[in-house]
Amino acid sequence: MKQQIRVLMVEDSELDAALMTRELKSGGYDVVTERVDTEQAFLAALESKLWDLILCDYRMPEFNGLAALQLFRARNLDIPFIMVSAVMGEELVVEAMKGGAHDYLMKAHLNRLVPAVERQINDAAVRREGVRTTQALREIEIRYRSLFENMSEGYAYCKMLFEDNKPTDFIYMDVNAKFAELTGLKDVVEKTVSEVIPGIQESNPELFECYGRVALTGKPEKLETYVGPLGIWFSVSVYSPGREYFVAVFENVTERRQAEESLRESEERYRALFTFSPDALYVHVDGCVTLVNPAMCKLLGTDDPSLLIGKSVHEIVHPEYHEKLRQRWNMVFGGQPAPLLEEKFIRLDGTLVDVEVSAVAIDWEGSKAVQVIARDITERKRADEALTYERNLLKSLMDNIPDHVYFKDNESRFLRMSRSQANRFGLEDPAQAVGKTDFEFFAEEHARTAHEDEQQIMKSGIAIIGIEEKESWPDGSESWVSTTKVPLQDAQGQIIGTFGISRDITERKRVEESLIRLNKAVEASGEVIFMTDRNGIFSFVNTSFTTLYGYEKAEVVGKTTPRILKSGRQLPDHYTEFWHALINKQTIKADLINRTKDGRLLTIEATANPILDTKGSIIGFLAIQRDVTQQRTLEEQIRQSQKMESLGTLASGIAHDFNNILSIILGHASLIEKYQYDPERFRDSLQTITNASTRGASLVRQMLTFARKSATEFRPLLINESIQEIQRLLHETFPKTITVAFDVAERLPLITADATQIHQVLLNLCVNARDAMDGKGTLTVSARLVRGETVRHRFVNAKSSTYIEVTVADTGIGMDETTRHRIFEPFFTTKQFGKGTGLGLAVVFGIMESHSGFIDVASEVGRGTTFSLYFPIKSFSVESVNDKSIIQKEAAGGTEVILVVEDEETLKESVRLILTANGYTVLSAEDGEQGIAMLDRFHNDIALVICDLGLPKFSGLEVLKKLKTLNPGVKFILGTGYIDPAERTAVLREGANDIVLKPYITNEFLRRVRDVLDAK
């Protein structure tokens, strides 16, 4: 049950009075308060009621604490009087304590209020108990002194009655006047005591025994006895004037006996209080400890009081406080109250403990002594430090938190708010808002709604969590906040106000509205739009996605992008490079081959961008796709048409070159028989025939590579090799009247490109240059590295840090400005009818765009034209292309069994002779069916099969499949003059170890055979 205290508060601030009331309630008191702030009200309150405690401010507009203290002391009231102020300095504190204040507190440290009140109320109770005891002792002393001075004894002369020498009764023979006064008995003479005081023999048998002994023996005795029927203690002196007679001289000692009992009880209470007090108590005389209680022993780290008795106080109190100790002795011995002080005691183990000490002078066995009460405040100091830390944290939070934090009382008036909230209100200091309401800052509509919400929260106790509300301001502007408001409770759980925290979401609301509009636009867009997280997991797809790919949104969201759309037409390196670029925050534009839910393959023009958070970190990816299947088919048809146009342009040069090659072969073949007996000339003719055949094969291979139809395939590519192929082709096909020069930097890094398309770009530009020079002039092809900044001066979308610049320059007729601006338009041409379609440069432009590259042109009439191509560098090095690092080596022979399946008899015989000449055992078959039969018969002996692609009865691919069924471990080389990329992929997927293009170059052919046989 809570202890009720009546508190008179001399305080002008209602808020401070409320804070002190709340603090006392939190300490477990049932508080009844009255607040006054004038002299008249203070005096009226003192006269009208009994108070347990007075809390007095020092400074008030019409009154002050010292004046109140003087009025209080003038009435000799024993009520704890505590000064509570925010402005008292040390001198004022000393003056107040001298004036009779029992304690003082700073308002900034109200956490000390409850301990101070408890201490003072307990001290007051002890004082009142001491006053009562002293008063009782004084009254007893007065009674004893009066009895002694006036000899007010009672006398009774009596005759003892015996039976068998045992006293049975006695008769009052005579009594003095004091007898009646002391006993209250009258007319007792000649009456027995049993008549006068019935039951006395039973209640006081010791009295009868004493009287009987004296009456018989004559020896005087003394005793004190309590006569129950009379309710009186008597001190009796008994002597015998004669046998069977006795005289009792007695006095009433009831009051003395009661005082002695009271004193004994008081001593027992003091000893119990001293022994069992939770506070440490000790007494010292002349600075030497004479008495300690168990709490003092525990405080100093021992259970044995003897270890402390006899110690000097200076051994217990830390030297830092010895001077204050001396001052306290002077004060208590001088009759002044000693202030409550904080000290440090030295425990027996040498450690220090913080204590709060009060002292009072006492008499100890006739000597002046000091009784000290010490309270361990270590935990309190830690709590104070923790509270200070927490307050500092709260202040730091309130000063720096970007959210708007505020506390309100039960009238929705601000008690405290964060600096960010004050800034919203245009206040320099959050304290300026204290006591004000929302009506002084917001427009009335919003302020009224907020007030109603807060009153409902306090009434119901139910919080409002995370609601979004619109704020209206006096200037007509509006803002949005996400708000949480909860009941503010005191220590007893009573709701005393509200606590709120809000966050400005105005910008977010605007963004949300924009996102709603954007989402509608995205859903209505004809483009496929989707988003993924950082790991490529779908998080959003629009309606166009489901329409194009046939998947419902639920089938896609949560799945990985390639897993859903992967067609198998892109190599793993393509996806690796794609994601590598995205992770490096690059925007990717590329054509993809994706598969729909029903298995259809679509050519997709895709753009992908990383989505960054405010810190620049990738949180996901956004992709926009468009179905360009028909467009790409048309473009491929156009490109193929343009290739054919270019090949047609080169036809005369190719025919001339092939005629030259055939003339060389026929001429030297006719000389072989003539030179059969001249080994040197015979060898020279054979070498010339071999070289011419190799040259023809190379020319055919270039034409096939350039003319074939194939899907776009982006791979790491060395631009130097593409330029070298063009160089060989131009050397074979361009007229000798045109000088072709190449200036290519060595070891240029890789680009990611389609080799065929790059070949087409370079060839188109070179053919255009040839036509522009009308058969005479200089064509120069160069390549070098340039910095990204250089390219960005011309093309603002250039994002790579480094580019390869390839230029094709001619000394032809050049172009005027009008022509130069139109050259990349489809079907625009300056050539005569029938000389060109006008698609060449349009195709070149499209290819460069699909490679994330750029094309530029500089031209002047009569001074030639220069085309500049810019290819972005990817994160590859020259050394990363393994097949380019093969070191050519002399072919080695072997002893294995090899099956050759070839329908061209002459070629089959040629291959057999080459292999047998190098130690191999050769089996042969002329078609696919015969080849399979040979495999079935000798499959355990055959180590390698060399098979033509285009065979009668069974194709080379069918032979391969059957071979893997009969003997999965046998090696397989496919020989062909040309193979489509799709067929190449299929052959390698079925398990072919290598593909060798015809015509076979002997040394290279033997090396490839040996490599396949030796491969693990």
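Biologist: What makes R794 count as lying over the face of F795?

Modeller: R794 is placed 5.0 Å from the ring centre of F795; a charge sits over a ring if NZ of Lys or CZ of Arg is within 6 Å of the ring centre and within 35 degrees of the ring normal. R257 likewise lies over the face of W233, at 3.7 Å from the ring centre. This is a predicted model, in which local features need pLDDT of at least 70 and side-chain atom pairs pLDDT 80 or more, while totals for chains, interfaces and linings use all residues. Residues are numbered from 1 along each chain as its sequence is written, and side-chain values use heavy atoms, without hydrogens and water.

Biologist: Why is the pair of F425 and F441 called stacked?

Modeller: Its ring centres are 4.0 Å apart and its planes at 5°, so the pair is stacked; rings of Phe, Tyr and Trp (its six-membered ring) pair if their centres lie within 6.5 Å, with planes under 30 degrees apart stacked, over 60 edge-to-face and the rest tilted.

Biologist: What makes the pair of Y172 and F179 edge-to-face?

Modeller: The angle between the planes is 65°, with 5.5 Å centre to centre. Both Y172 and F179 also belong to one aromatic cluster, which includes F208 and F250.

Biologist: Why is D164 called exposed, and S852 partly exposed?

Modeller: The relative accessibility of D164 is 77%, so D164 counts as exposed, whereas S852, at 30%, counts as partly exposed. The cut-offs for relative accessible area are under 20% for buried, over 50% for exposed and in between for partly exposed (1.4 Å probe, protein chains only).
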